[in-house]
Amino acid sequence: MDDKVDFCGICAANIPGMNAAYDLYQMLCDLQHRGQAGAGISTYDPGRKILLRTYKRTGKVNDVFGGDDEERFEELMNKFGASIGIGHNRYGTSGSLSTRHVQPFERTHGVYHKWFSFGFNGHIANRKELEENIKKDGYHLMLDTDTEVMMHYLSKHVSDTGGDLKEVFKMVSEDFDGAYNIIFLDGKGRQVAIRDPWGIRPLSSLQTEKGAFISSETCALYRQGTENIRHIEPGEMAILEDGEITYHQYAKPRRRSLCFFEYIYFADVTSNIDGRSVYETRKRCGEELARIETQNINDKEWVVIPVPNTARPIANSYAKAIGVPQIFDEGLIAYGKGRTFIDEGDRSKKVKRKFLPIPSVIKGKKVIVIDDSIVRSTTMATLIKYHLRKLGGAKEVHVRIATPPIVAPCYYGIDMRSFEELIAAPYQEHINNGIISEKAEEEIARIINADSLKFITHDGLVSAIGKDRDSLCMACLNRQYPTPTGQTLDAKNYKSFCNRSMCKK
Ligand code: SF4
């Protein structure tokens, strides 16, 4: 629960004879955790003069769609309503927070197949190279966002192929390096969703009698049904037509590289990603942390608390696994739905504002505080010093973390962009076989003012996820980036980090 993520959520609905705007709105609400900076929808109606219509604004979904103003909500649903549509939640990986950066991005054109709207979830690692190439082709870039670059490549390939969408996305897969799941709708009413060839971000589909649905996460599909959910494969395209879904392999799959962080932190706890439950994975993380526990824990002096909300199932199962389930309790309360990474500015102040301790639970106790991860350490350091020790009166604070030390940046969409900002980056040489040395744990514990610190091991994490290690991206833990640009950036940036004597021997 450190301040670290900028993702997006995408969804699509194709429900003949009904207004999909209502379902898109609900799906966006259910994907709110993936992006809170802006939201929007594009719909297609052949009976409308303006075939494709897009409505988008900055802000949370509910506010974007009228807030408490029911009349405004109905007005928007009617004005932008149609049976086919796509939706997007944004927390941008690049670009400032203005409406023009919010997706879907619509490219208006007088020719049906060249008029399209799309939204994407991910981050393009080779954006710079793509920008240079497209500029050479005479394109002008106005916005500081990879979505604009993607729009120009889509336009170019739509023109080059005469609008053959299978070919368009095959060409896109040859250009783009990184994480990119896309929902796309054009002026002919054709609607597709694609998952990138590495499968870095999740994407799922649902077929019901009512129609066809796509979502970044299954949590936004459940209201339509829990049967017939299908996880879209890397390099696969879902084609939505007349309420039915068909599938097509538009690009050769690469090494499957699902981001492990989706399970541990980012995805909703109710979601299922590629056949594995997020909730069950988090519970298993708690068991793995219990397995490596070295403290002698009893129910008199100790209490186990989660940093809300992600770590709750982890802490609960940890307490059960060490054999004293009665010591699991709530010691911290998070206020507001916002996450600390959403705003810029003084992170520590925001953390202070966001939480309050429950002194009756913590006071005089040896507290085991469990969190999903430590990135920069601002959140944990503030919680320990201010909330747990000063306000809560904890006697000791022992930190247990369900992600191994994060030692390298992410080039695929999580806001961990440089070695310098990562508290564990200097300790790469201290990690052997996925286990960090005690000396390094002690040093980091001192920095965050904890009495002890333990990270889950790489093996423990993989076992908790229950998937083949080779099917996961764990590059921020082991620097094994799945894509060529990730590997190039890593070689360059790590060398520069070490040249500045930042690595601890
Ligand atoms: S580098 Fe880390 S955060 Fe980024 S996609 Fe890979 S596993 Fe996820």
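I looked up the sheet first: seven strands form an open sheet in the order β3-β2-β4-β1-β10-β9-β11, with antiparallel pairing. Strands here are DSSP E runs of at least two residues, helices are H or I runs of at least four, both numbered from the N terminus. Two strands pair if DSSP finds at least two bridges between them. Neighbouring strands are turned by 15 degrees on average, direction ignored. Axes are lines fitted to C-alpha atoms, for helices over the stretch in contact, with angles from 0 to 180 degrees between N-to-C directions.

This is a predicted model; local features need pLDDT of at least 70, side-chain atom pairs 80 or more, while totals for chains, interfaces and linings use all residues. Numbering starts from 1 along each chain as its sequence is written, and side-chain values use heavy atoms, without hydrogens or water.

Next I checked helix α1 (residues 20–30). It packs on the sheet and touches β1 (8–14), β2 (38–44), β4 (84–90) and β10; contact means heavy atoms within 4.5 Å. Its direction makes about 25 degrees with that of β4.

Then confidence: pLDDT, the predictor's per-residue score from 0 to 100, has a chain mean of 94, and 95% of residues reach 70 or more. Residues 1–5 stay under 50, with 41 contacts beyond four places in sequence. Residues 337–344 are also below 50, with 27 contacts beyond near neighbours in sequence.

Last, I looked at strands β9 (residues 204–207) and β10 (residues 212–215): four bridges join them, antiparallel. Serine 205 stands opposite isoleucine 214 in β10.
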